[in-house]
Amino acid sequence: MNSSDVDIEHMRTAIGRLLDHDNRYGGDAVAAAAVQVWRTGRRKLDRGLVPDGSHAEYVSTVAEVAQIAGWLLFDAGERESSRAAFVESQMLARHAGDRPMKWFALDMLAMHSIEYHRPDESLRIADDVLSDSRVPPRVALLARIRKARALADTGSRRRAMREFTAARSGLEDSITTRDPSWTWWVDERELSGHEGESLLALGEPNAAVPKLRRALDLATESNSNRRVILYYSVALLTAYASGRAWRECESTLLSMPPLLEEVASGRSRRRLRATLHEIARTPGSPHWLSDLAREMTAAPQLSGSCC
């Protein structure tokens, strides 16, 4: 086994460990480690130190590490760094001829565009993916979800719901041998969560609540991904706050401290701080809830003095 093969094995082992930590504790603490693995692999490529016999596999593996680094940076709330990682992942995958990884990187770029309010870019990416006749069913399903989210962000309710209907129809089909292994996580929880987020973006918080509640219940049932449980808890809180469901806000807030002590996800914490601020300053918000929101905002887990 040459040194490049050893490096490939190390990168793949690192990917598994990094993602396991992310699922349990969020991306903040391990994002820097992922970036180190990615940049070390890239330097060897830049210096021409990878033999021809291992080159394509090595490039593909570095593309995957870049994608993982991008995801962890994204979860940590590192906007520009995560985008740069996704862009490089897509370019490396294209260079390696690794279509599944290229599609994954494009999906991550579409996700990033939605998070940071660039729906036109997300629509363009989704349409490009859907126009490719070689795209497997689950990759197309994800592209439809990204497209639906982007359409909702532009206020195109009818078109967004039409894409969700098509995506749900595709979800009912079994995973085929053409579907990349990374599409395993596209499930009912994922789809319900995105439907809820879209309804929230469309200004329909009461319609969003059951979708987000369903996503949270499914995440809690497995209890295998604490980061996802925190994400949907915050999303549900945002929907309750938008719909002025104050008692539901309180019960959701009171369930969060154990998660916040364990999970460090900059993205979810940023959203939680914004929602708490909104609760505290909304006219008609009960004083007891406003006080709880201010108390939580000042807690170490959100004030930046911990983790």
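Trainee: Why is E163 called buried?

Mentor: Buried means under 20% relative accessible area, exposed means over 50%, and partly exposed is in between, with a 1.4 Å probe and protein chains only as cover. E163 has 10% relative accessibility, so it counts as buried. Before we go on, a word on the model: it is predicted, so local features need pLDDT of at least 70 and side-chain atom pairs count only at pLDDT 80 or more, while totals for chains, interfaces and linings use all residues. Residues are numbered from 1 along each chain as its sequence is written, and side-chain values use heavy atoms, with hydrogens and water left out.

Trainee: Thanks! Where is E163 found, and which residues does E163 touch?

Mentor: E163 is found in helix α8, residues 157-171; a helix here is a DSSP run of H or I with at least four residues, a strand is a run of E with at least two, and both are numbered from the N terminus. Not counting residues up to four places away in sequence, E163 touches R144, K147, A148 and L151, where contact means heavy atoms within 4.5 Å. E163 and L151 are 12 residues apart in sequence, and their C-alpha atoms are 9.1 Å apart in space.

Trainee: Is A143 buried or exposed?

Mentor: Set its value against the cut-off: A143 has a relative accessible area of 5%, so it is buried. A143 has its place in helix α7, residues 137-153. Beyond its neighbours within four places in sequence, A143 is in contact with A126, V129 and L130. A143 and L272 are 129 residues apart in sequence and 27 Å apart in space, C-alpha to C-alpha.

Trainee: And what makes Y240 count as buried?

Mentor: Its relative accessibility is 11%, so Y240 counts as buried. Y240 lies in helix α11, residues 226-242. Leaving aside neighbours within four places in sequence, its contacts are V209, R213, A245, E248, C249 and T252. In sequence, Y240 and A208 are 32 residues apart, yet their C-alpha atoms are 9.1 Å apart in space.

Trainee: Why does R42 count as partly exposed?

Mentor: R42 has 25% relative accessibility, so it falls in the middle class, partly exposed. R42 lies in helix α2, residues 31-46, and apart from neighbours within four places in sequence it is in contact with V62 and E88.

Trainee: How do the axes of α14 and α15 cross?

Mentor: The axes of α14 (residues 266-281) and α15 (residues 287-297) come within 8 Å and cross at roughly 150°; the axes are lines fitted to C-alpha atoms over the stretch in contact, and angles run from 0 to 180 degrees between N-to-C directions. The crossing is left-handed, a term for a near helix turned anticlockwise from the far one by less than a right angle. In α14, L276, I279 and A280 meet L289, S290, A293, R294, M296 and T297 of α15. By class, this contact has six nonpolar, two polar and one charged residues.

Trainee: How many helices and strands does the chain have?

Mentor: The chain has 16 helices and zero strands. Among its contacts between residues at least 6 apart in sequence, 67% join residues at least 24 apart.

Definitions and conventions: Ala, Val, Leu, Ile, Met, Phe, Trp, Tyr, Cys and Pro count as nonpolar, Asp, Glu, Lys and Arg as charged, and the others, Gly among them, as polar.
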